[in-house]
Amino acid sequence: MNSLQAWRDLPAAQQPEWPDAGAVRAAAAQLRTFPPLVFAGECDSLKARLADVAAGRAFFLQGGDCAETFNGVGADALRNKLRTILQMSVILTYAGSVPVVKVGRIAGQYAKPRSKPTEVRDGVELPAYRGDAVNGFPFTPEDRTPDPDRLVRMYHSSAATLNLARAFVVGGEADLRQVHAWNTDFVRDSPVGERYDRMARDIDRAISFMHACGADPAEFHSVDFYASHEALLLDYEEALTRIDSRTGLPYDTSGHFLWIGERTRQLDGAHLEFARHVRNPIGVKLGPTTTPQDALTLIERLDPDREPGRLTFITRMGAGRIRDALPELVEKVTASGASVAWVCDPMHGNTFEAPNGYKTRRFDDVLEEVEGFFEVHRSLGTVPGGLHVELTGDAVTECVGGGHALAEADLVHRYETVCDPRLNRAQSLELAFLVAEMLHRA
């Protein structure tokens, strides 16, 4: 067994109970014949950008769906999502005076870990929905049976999404003046827009000044945009790993940036074993129970050579825990001499169930966790490197609060996620302006 298959000898958490192992092998064999979704050189470029994030020379912005769906692959939804991420990046670039590394939770985020392997409704027990890559959302035996043919469909859906994303960001959709015009519209129409009006006008004047001076660099018209997802389904990830012709090293070509989740980061587990053998930049989610020794062991396993940009720690502590749980982690990792990018996920530690049964998050809790993240790094003299957010460009009603003051009773109107609640466009842009103020103070 080669090193890329060594994970098979270790316990692998959160894997589906496929009813037909032969069908899984057949799907993986088919995936091995397909072209890569991303290229090794692109992964290396992102790794260099992440080295800048760790050093404070850039800011990381990662956003997108909690779980993509096959039916959600389409131009309008993707355009709205990309527009929102680009709008946020303009605000953060101006406030932080550093480039923003733009990464989408797209083109691969079709699988989700679950707290329980089964779901019970009205006395009927079926496998839990694990994302479109595994089974269907409808509560029927046929839909909930894991189907390895969905792994092949995930590849094709990811390819279509990446093609659309690349066309948008180089085809005029990412033009700086156009993106900022959308921000101006938001400020004008938002109930809390007056708070952000000055910054929006400052950005407008800066762009006008550059234009008047005749400055029109290519960076004003297109952007680098990278794809990421949780490397959860190891049969899929292994099947899309290729040997780079330039270096002879293995890269997982399913996405540029891959992360290991809070539920799959076991130090003796299969996910860590797989990730340590591929050369992509790797992220690891760290929850409030993470110990400093856990973090140091993750560094030794995933980045033994201390390669700049290789490792990102994505903290998901919860608004009430961030100020207590994060400082010792950052202190011990910094004292070890390791250079990691620290990114805040203010979503996953702040989920609760509303009285009407909807899973939701409070905008104020999201903001509170980000503020705590910045405060900790400011007090330690370390770099708050970025933001990891579940968002959509649509006017959904999944998280409560924000400038439009969505209430729990409003969740019924447009609750469209199949898994975790996302910030809508207005909430996402409001968060960007508030984080911009933190960056400006820092």
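Which backbone nitrogen lies 3.5 Å from a polar atom of the side chain of His180? That of Asp204 does, and we'll come back to that pair below.

## Before we start

This is a predicted model, where local features need pLDDT of at least 70, side-chain atom pairs count only at pLDDT 80 or more, and totals for chains, interfaces and linings use all residues. Residues are numbered from 1 along each chain as its sequence is written, and side-chain values use heavy atoms, with hydrogens and water left out.

His180 sits in helix H6, residues 176-189. Helices (H or I, at least four residues) and strands (E, at least two) are DSSP runs, numbered from the N terminus. With a relative accessibility of 2%, His180 counts as buried. Here, buried means under 20% relative accessible area, exposed means over 50%, and partly exposed is in between (1.4 Å probe, protein chains only).

Back to the opening pair: the His180 side chain has a polar atom 3.5 Å from the backbone nitrogen of Asp204. A polar contact is a pair of N or O atoms within 3.5 Å; within protein, one must be able to donate a hydrogen and the other to accept it, and residues adjacent in sequence count only if both atoms are side-chain atoms. Setting aside neighbours within four places in sequence, His180 is in contact with Ala200, Ile203, Asp204 and Ile207. Contact means heavy atoms within 4.5 Å.

Arg114 is found in the loop between strand S2 (100-105) and strand S3 (118-121). Its relative accessible area is 22%, so Arg114 is partly exposed. The Arg114 side chain reaches the backbone oxygen of Tyr129 at 2.7 Å. Apart from neighbours within four places in sequence, Arg114 is in contact with Gln14, Ala128, Tyr129, Arg130, Arg263 and Cys419.

Asn424 belongs to the loop between S14 and H13. Asn424 counts as buried because its relative accessibility is 9%. Its side chain reaches two backbone atoms: the oxygen of Val396 at 3.0 Å and the nitrogen of Gln427 at 2.8 Å. Not counting residues up to four places away in sequence, Asn424 touches Thr392, Asp394, Ala395, Val396 and Leu406.

## Two alanines with positive phi

Ala107 isn't a glycine, yet it has a positive phi of about 60°. You'll find Ala107 in the loop between S2 and S3, where it is buried, with a relative accessible area of 1%.

Ala405 isn't a glycine either, and its phi is positive at about 55°. Ala405 lies in the loop between strand S14 (386-390) and helix H13 (425-441). It is exposed, with a relative accessible area of 53%.

## What about the cysteines?

A disulfide is a covalent bond between the sulfur atoms of two cysteines. The cut-off here is a pair of cysteine sulfur atoms within 2.5 Å. The structure holds zero disulfides. Cys66 is in none, and its nearest cysteine sulfur, that of Cys419, is 3.7 Å away. Cys66 is buried, with a relative accessible area of 0%.

## The largest pocket

On a 1 Å grid over the protein atoms alone, a cavity is a set of points where a 1.4 Å probe fits but cannot get out, while a pocket is an open set with protein on both sides within 12 Å along at least five of seven lines; lining residues have an atom within 4 Å of a point. Grid points are joined across faces, edges and corners, and a volume is the space filled by probe spheres set on the points.

The largest pocket has a volume of about 960 Å³. Of its 35 lining residues, Arg114, Ser115, Lys359, Cys419 and Asp420 lie nearest its centre. The largest share of the lining, four residues, comes from S3.

## The cavity

A search of the whole structure turns up one cavity of 30 Å³ or more. The largest cavity has a volume of about 40 Å³. Its lining includes Gly108, Met154, His229 and Tyr236. Strand S5 (225-230) and helix H8 (234-239) each supply at least two residues of that lining.
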